[in-house]
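The sequence and the model come first.

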Amino acid sequence: AETSDGFVHIDSDDATWILTSAIFIFTMQSGFSLLESGQVSMKNEVNIIFKNAVDVLFGGLTYWIVGYGMGFGSQPGSNSIVGVGFYFLDASERDMGFLFSSFFFQLAFATTSATIVSGAMAERATLEAYVVFSLMSAIIYALPSRWLWYKGGWLKQLGALDIAGSAVVHILGGTNGLVATLLMGPRIGVFKPGTKEPKMGYPTNALLGMFMLWWGWLGFNCGSTYGITGGKWKLSSRAAAATLLASMGGGTVGIVYSWLMRNGKIEVRYTLDGVLGSLVSISALCSLARPWESLLIGAVGGFLAILGGELIRRLRIDDPVGVVTVHVVGGVWGMLAVGIFLRPDRVAGLTNHAGLIYGGGWYILGVQTLACVAIIAWAVVTSFLTFKVIDLTIGLRISTVAEIIGADVCEHSINGTYYTAEGVIRTQDGRT
Amino acid sequence: AETSDGFVHIDSDDATWILTSAIFIFTMQSGFSLLESGQVSMKNEVNIIFKNAVDVLFGGLTYWIVGYGMGFGSQPGSNSIVGVGFYFLDASERDMGFLFSSFFFQLAFATTSATIVSGAMAERATLEAYVVFSLMSAIIYALPSRWLWYKGGWLKQLGALDIAGSAVVHILGGTNGLVATLLMGPRIGVFKPGTKEPKMGYPTNALLGMFMLWWGWLGFNCGSTYGITGGKWKLSSRAAAATLLASMGGGTVGIVYSWLMRNGKIEVRYTLDGVLGSLVSISALCSLARPWESLLIGAVGGFLAILGGELIRRLRIDDPVGVVTVHVVGGVWGMLAVGIFLRPDRVAGLTNHAGLIYGGGWYILGVQTLACVAIIAWAVVTSFLTFKVIDLTIGLRISTVAEIIGADVCEHSINGTYYTAEGVIRTQDGRT
Amino acid sequence: AETSDGFVHIDSDDATWILTSAIFIFTMQSGFSLLESGQVSMKNEVNIIFKNAVDVLFGGLTYWIVGYGMGFGSQPGSNSIVGVGFYFLDASERDMGFLFSSFFFQLAFATTSATIVSGAMAERATLEAYVVFSLMSAIIYALPSRWLWYKGGWLKQLGALDIAGSAVVHILGGTNGLVATLLMGPRIGVFKPGTKEPKMGYPTNALLGMFMLWWGWLGFNCGSTYGITGGKWKLSSRAAAATLLASMGGGTVGIVYSWLMRNGKIEVRYTLDGVLGSLVSISALCSLARPWESLLIGAVGGFLAILGGELIRRLRIDDPVGVVTVHVVGGVWGMLAVGIFLRPDRVAGLTNHAGLIYGGGWYILGVQTLACVAIIAWAVVTSFLTFKVIDLTIGLRISTVAEIIGADVCEHSINGTYYTAEGVIRTQDGRT
């Protein structure tokens with residue numbers, strides 16, 4: 001329960017669960033690294049992993065300096081849109097148990113949201129541009145996290161629910177990525193007539209990354225109860241079952257879709273989109289979703305993510321690792337699914353509302369739609385301004401030569417693996 | 001303590017431990033992916049990882065629909081062999097804390113058991129056949145889990161003990177794998193005179209996979225107390241020490257064996273078999289085994305797994321990633337070790353029996369042998385029928401051309417990594 | 001609180017936290033494997049991972065037999081320098097909760113300390129020599145762990161503080177590594193005029209390893225409260241924030257340093273040194289450091305680690321994976337930082353002392369310096385003797401031919417990956 005000073009009262013058991021969950025969430029950075037580095041061409045493997053580190057390093061700094069306070073501050077001047085206080089977060093011995101574990105947990109969410117963007121900008125953004133964006137990304141994240149998760153947030157007060165971040169993390173991150181890819185345009189040669197689609201550099205790693213995200217996601221969804229006392233452990237248990245069932249829905253859809261549409265071939269990308277799209281979409285309702293609802297939400301989420309991927313390629317939007325389709329499409333569906341499947345929570349009191357099929361009418365569905373629109377609008381405006389300023393000052397895109405040679409050589413002086421001692425550049429076809 | 005309605009009463013602390021342990025167990029899917037993909041030839045790396053995903057996706061579905069209920073259901077019609085109820089598992093708010101965390105934990109076990117089989121079928125089974133088997137595998141798993149883990153299971157009532165799955169997970173999975181490899185026969189060229197033994201595609205990954213399984217196994221063995229209250233935390237602590245000591249026994253035996261028998265070379269396979277064989281064998285007694293017993297059980301388990309591997313190659317049974325020897329041989333020894341080293345448990349009341357060397361006579365050794373025989377027989381019959389039906393309908397084995405070219409190209413349209421843009425197929429010798 | 005018999009009284013919640021943290025720490029072995037195998041040349045990838053396994057297998061055995069007792073034994077004959085008892089550790093049902101979880105946790109620390117050394121000896125030490133060293137390393141570790149962590153340890157009694165191992169784990173391991181590399185000399189061709197610096201074999205894996213260590217480190221720093229009861233959970237929460245903030249300091253310094261000094265290129269090694277150096281340096285004060293102090297400690301620690309790396313290369317000391325600079329330099333700074341930033345702990349009573357800037361004068365800084373000197377001296381003497389005896393008996397270094405060909409072929413009979421079926425040896429430039 002929250003008190004008037006904005007603190008949630010937790011005890012040692014709650015804090016331990018928050019910390020454990022957050023550590024699992026941080027392992028998702030390793031998962032994203034594998035997922036993204038496996039999908040880009042080999043000449044950019046190292047560069048894309050670097051960007052995952054930048055999210056935590058630079059994004060984390062801003063989040064500590066102002067982000068957490070803008071999200072959860074309650075000092076004079078705070079309102080339902082933005083918070084004041086907690087800058088350069090420190091805490092007294094009395095409050096530090098809650099404040100530091102909450103900061104740590106939120107930081108894991110914030111850096112995950114930032115990481116999504118690196119995929120959309122893969123293979124053509126400069127590292128400097130990405131560093132600047134990372135510094136901003138923690139601020140872009142802070143406000144939606146308040147709207148939906150702070151007790152006085154305006155969307156939360158309306159009854160909107162996003163338990164583990166379908167909107168706050170995924171719609172936000174994916175929309176930022178969409179803006180970035182639209183501003184930057186496609187990679188050289190992509191969507192040109194007569195050119196083949198770019199190949200995944202190392203699909204084995206992409207699948208391993210998917211696995212690591214899958215288990216790390218349990219930290220998101222089981223940990224978002226913010227503890228285990230007072231019945232919250234029951235919600236965590238339900239979230240675990242819901243998360244797995246959703247992934248079964250999305251993953252099987254991905255495999256069956258590929259089998260039907262690709263002549264019996266099971267392509268890696270459809271399984272990635274199916275599994276990850278389903279995980280994104282179950283996050284909003286995770287600890288309140290019944291198993292069969294979870295399966296359905298996941299199956300639909302995975303299916304929509306796959307269709308979104310087909311559409312986005314047809315629209316000639318170059319999204320190298322499938323960020324937009326998984327996170328935006330999956331996230332919007334996940335938020336709407338709350339409006340359909342929500343039931344009042346008598347275990348820990350998360351909500352008193354009901355969704356469409358449980359007699360609550362259209363209200364929650366409307367509020368959830370509003371939340372999606374608000375977060376997409378916020379993401380579009382803030383990330384457009386950020387990327388535009390970067391573009392006009394230090395530039396967003398690496399040089400044509402660097403793009404062809406690859407960022408690993410040009411930005412990181414990698415010369416050991418795929419390039420000979422003499423500097424002769426090899427092709428990305430195979431490891432020669 | 002279980003009540004008359006079949007529920008184990010757990011509280012928030014117990015549930016958190018079950019969830020945490022289960023998340024660690026799920027990370028073993030990443031470990032298996034690395035272990036298996038590292039051992040197969042490079043042309044099948046992606047395919048084998050896919051099969052790990054299929055285990056969770058399709059196997060998980062069946063487990064949710066009927067598997068958990070067949071294992072732990074207690075509605076009218078349930079008996080000591082098979083349960084009734086819990087189909088399409090859902091739970092009331094009162095029961096969901098236990099039911100969902102228990103389902104999640106058991107699901108982690110069930111999918112691990114299924115994953116073992118993919119190794120034995122590597123490099124020659126179609127993905128379609130594997131999907132069908134996965135759907136069945138959750139049912140095949142459900143019954144032995146009841147026999148040994150449900151309060152009214154017939155083997156449990158006899159006093160048989162398998163704390164963390166030496167039999168339920170490993171003997172079962174390994175036997176299913178043995179049946180599969182016998183039915184399918186060896187890969188093309190393997191065991192042919194004049195042909196060299198197939199090479200591990202990427203031993204670095206195989207060892208990394210072993211590491212990930214090692215730590216994930218702690219989730220199995222420490223989590224199988226099903227909680228921490230009422231002294232159960234003491235058993236978890238002992239299980240942690242036992243697991244590590246067993247691996248030290250098996251791993252050092254593997255290294256020394258290779259050093260002695262291979263002219264001072266430490267081959268990867270002997271270390272894999274030694275470490276993993278020891279982990280399989282300590283699982284049955286993990287939280288009741290004294291440290292020196294654990295070391296001994298692990299050393300013998302690792303040694304037998306290695307000898308089993310030598311034997312199976314001499315018998316010309318093609319088991320590409322050493323599944324049978326590690327899981328069946330290690331598992332049977334682990335079960336028998338319970339009969340030798342068991343002592344009554346006065347901490348949490350797991351058993352009142354004693355084994356051979358602690359004055360309990362031959363009874364438990366006999367019961368453990370019976371459990372092994374029953375589970376092997378069950379696995380042989382059910383998996384033989386399953387694979388035979390698959391073989392006679394959609395077929396088990398990929399075409400000869402596909403086997404030579406590799407499943408990554410033929411089943412997954414991978415064309416980016418080891419194959420040129422022109423489709424020229426390269427050899428598996430090295431990455432060219 | 002510790003009782004007169006040397007036991008810390010913990011309950012089920014504490015034990016669970018210790019176990020969970022220790023499992024996270026063990027995942028660092030996977031991280032080290034990736035970090036080290038990614039940095040060595042490809043011909044030694046498998047060999048270096050093997051050495052991580054050897055640390056746990058052989059080092060673990062010695063730690064069980066005598067190490068834990070020398071560290072934490074309290075039987076007659078025990079003193080402030082070395083303990084007596086607990087050999088071949090076993091425990092009664094009354095004590096096993098604490099003893100086994102504590103052993104498991106300490107074992108995770110001991111094997112991490114040992115693992116550091118493998119990096120310094122990379123690409124030229126025989127596996128046999130490393131096995132012998134591993135057997136000794138648990139003993140070398142045991143004494144400093146007593147000095148700083150056992151209630152009656154002489155440095156602890158003086159007021160020295162090393163919460164999560166800056167000295168006990170990192171200075172010790174790094175110094176052992178320095179002694180090893182000085183005794184062995186550089187790899188063939190390294191530092192020769194006209195020769196190029198050796199290349200990282202697979203920087204992608206090195207970065208992935210850094211990520212895995214990053215999250216695993218949270219097990220070190222959050223778990224070193226030895227529980228969550230009695231306010232200890234508040235210290236764990238603070239340690240989580242401190243660890244992340246320190247890494248932000250060190251990581252951003254690493255990136256900015258490389259950008260400034262390397263013409264805008266962000267080289268992998270500077271990020272590795274920055275992040276890992278900062279994590280080493282925050283360990284000593286982790287749960288007592290304020291956020292801004294953590295950031296500063298991490299930034300300085302990362303910077304010093306980077307400068308140390310530049311210096312050590314100028315001194316022509318061949319430290320293939322940057323062990324000395326990260327662990328010794330980072331560790332010494334971390335210990336000294338305690339002397340500067342320490343405040344009395346009113347939450348769990350870890351210390352009554354204050355450091356330089358909090359009015360405690362120079363005392364703690366002096367004691368921390370003494371701890372560094374004592375541990376470095378201990379490490380130099382014991383590891384020098386160990387390596388010297390190994391060198392004079394079975395030899396430390398592989399043959400010149402083996403060093404050129406690589407240990408993977410020569411010690412592990414790897415012939416599948418980077419070498420053709422005909423045994424033609426390829427170069428390490430690229431994967432051909």
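## Fold

From the N terminus on, chain A runs α-α-α-α-α-α-α-α-α-α-α-α-α-α. That comes to 14 helices and zero strands, where helices (H or I, at least four residues) and strands (E, at least two) are DSSP runs numbered from the N terminus.

This is a predicted model, in which local features need pLDDT of at least 70, side-chain atom pairs count only at pLDDT 80 or more, and totals for chains, interfaces and linings use all residues. Residues are numbered from 1 along each chain as its sequence is written, chains are lettered from A and ligands numbered from 1 in the order in which they are written, and side-chain values use heavy atoms, with hydrogens and water left out.

## Packing and surface

Along the principal axes, the C-alpha atoms of chain A fill a box of roughly 65 × 50 × 35 Å. Of the 432 residues, 71% count as buried, meaning under 20% relative accessible area, with exposed over 50% and partly exposed in between (1.4 Å probe, protein chains only).

Among contacts in chain A with a separation of 6 or more, 77% join residues 24 or more positions apart; a contact means heavy atoms within 4.5 Å.

## Positive phi values

Most residues other than glycine have a negative phi. A:Phe86 has a positive phi, near 60°, and sits in the loop between helix 2 (45-72) and helix 3 (96-120) of chain A.

A:Ser413 also has a positive phi, of about 55°. This serine lies in the segment after helix 14 (407-412) and counts as partly exposed because its relative accessibility is 29%.
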